[in-house]
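Student: I am new to this structure and would like to learn how to read it. Could you walk me through a few features?

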Amino acid sequence: MEAPVINVGLLTEKAVSFAFHPEYVETKSGQFLKGEQRALFVNGKIIYNGRLYDELHFEPVTPEAFFELKSVTIGVDFHWQRQEDQRFNGSLNLLASSKGMVAINEIDIEEYLKSVISSEMSENASKALLKAHAVISRSWLLAQIEKRYQLGAQKENHLYQDDETLIRWYDREDHQLFDVCADDHCQRYQGISHASNPVVVAAVNETRGEILTYDDQICDARFSKCCGGVTELFENCWEPVHHDYLEPIRDDEAPNLPDLTQENEARAWIEQAPNAFCHTDDPAILSQVLNHYDQETTDFFRWQVSYSTQELSDLIARKLGIDFGKIIDLVPIERGASGRLIRLQIVGERRTLTIGKELEIRRALSESHLYSSAFVVDKEGDPNHPSRFILKGAGWGHGVGLCQIGAAVMGSKGYDYQAILAHYFPKAALERRY
């Protein structure tokens, strides 16, 4: 069986500058093109070389040819957001959409994975970590394609709202024109600029076609930077569907799992620094997972953020578009297995609202995203009219599935990739599909 060809959404813009090296062909006209190009989106149409289009498709003339996109925004809405030029193998499609011009890369999934693993991992990562990540990245993507096929034109509901509650989750609800996006929202994909590492190429080739399955279904194998010591349930972050292979696990060789759904247990857990694979400050290990801009983030296993009451009130009003007045309390309502808040009550002088799930909480309480929703709240000053809120937290990301830093530590301890996968997905089977 051949490896599937996938469509990766690279960006959506009103203007796209790109270049072909050495030569591509525009399939409708048969015109051969090289060098610098530019397309504009005006009144719902793509303007390219003086003509109007709904869609353009460019094919490489040779397997070695590549295209370059200029000023691609990476880390969208995260604190490390920036722009960079990126190079890609495969075809380039430009589509007119309601939001602008969408640039899509059509690429063999195995070639895609070589870039994803290089983008997500550093070149000095262990072979075990790289192979484990290749398997889960392949599994996750194929599971998303399968899910999209099963849903067809049916749309998922990602929002519940009434006068007292706002529950929202974010997955792939806006990815209708392609299989997967290129940013951290899905899997970080930065083209051949990050795919030249021979160790990564070997890791992908040696696991070619390998996926995780459960009950003959492809596993929706999620991952995050740092679970904080315990992994989270899928349904606490996304749609209310339980996956047995994504059960909470203690990220340690010790089997005991604390009950972090209880507020007193969660506080004790978050305020200490327990043993965990992902509890490390070893720069050699962290550099395996954290690229140069990720290493700008420190103290992620346990972290602290402080806001004056006015800062917090202004922030929440701006992020949620709701006038709460002065914030007087943040009340944990429900926690998941990892201690992450699923529902948080925001109490203001003018309005009280319970929000969730975890990413909505993180977005409401930070200019970009809090590291995670696993935090406890302390207040300074008058308890009824505090002057400052202090959030003490654990972990980086949603915490579901594989913990990248924990997996890096396991690799450094000599665990092979099968053992790493068995630790984070204990009920899943490893299977080669092609």
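Tutor: Gladly! Let us begin with a word we will need: contact means that heavy atoms lie within 4.5 Å of each other. Keep in mind, too, that this is a predicted model.

Student: Which residues is Phe18 in contact with, leaving aside its neighbours within four places in sequence?

Tutor: Phe18 contacts Gly35, Glu36, Gln37, Arg38 and Ala39, and also Tyr48, Phe58, Glu68, Leu69, Lys70, Leu92 and Leu94.

Student: Which residues touch the most other members of the largest nonpolar core?

Tutor: A nonpolar core is a set of buried nonpolar residues joined through side-chain atoms within 4.5 Å. Here the largest one has 96 residues, and Phe18, Phe58, Leu69, Leu94 and Tyr112 touch the most other members. Helix 2, residues 127-151, gives this core its largest share, 11 residues. Another core lies apart from it, with 24 residues, including Leu312, Ile322, Ile346 and Leu370.

Student: Is strand 9 mostly covered or mostly open?

Tutor: Strand 9 spans residues 91-97 and is mostly covered, with six of its seven residues buried.

Student: How do strand 9 and strand 10 run, and how many bridges join them?

Tutor: They run antiparallel and are joined by seven bridges. Leu95, for example, has Val102 in strand 10 as its bridge partner. Between the two strands there is a hairpin of two residues.

Student: What should I look for in strand 1?

Tutor: Look at the sense of each pairing. Strand 1 (residues 5-13) pairs with strand 10 (residues 100-108) in the antiparallel sense, over eight bridges. With strand 13 (residues 180-181), strand 1 pairs in the parallel sense, over two bridges. Gly9 shows both pairings: its bridge partner in strand 10 is Ile104, and Gly9 stands opposite Cys181 in strand 13.

Student: Which way do side chains point along a strand?

Tutor: In a regular strand, they alternate between the two faces of the sheet.

Student: What is the strand order in the open sheet of three strands?

Tutor: The order is 15-14-24, with antiparallel pairing. Strand 15 (217-218) and strand 24 (429-432) each have a single partner strand, so one side of each is left without a neighbour in the sheet. Strand 14 (residues 210-214) pairs with strand 24 over four bridges, and Glu210 has Arg432 in strand 24 as its bridge partner.

Conventions. Residues are numbered from 1 along each chain as its sequence is written. This is a predicted model: local features need pLDDT of at least 70, side-chain atom pairs count only at pLDDT 80 or more; totals for chains, interfaces and linings use all residues. Side-chain values use heavy atoms; hydrogens and water are left out. Two strands pair if DSSP finds at least two bridges between them. Buried means under 20% relative accessible area, exposed over 50%, partly exposed in between (1.4 Å probe, protein chains only).
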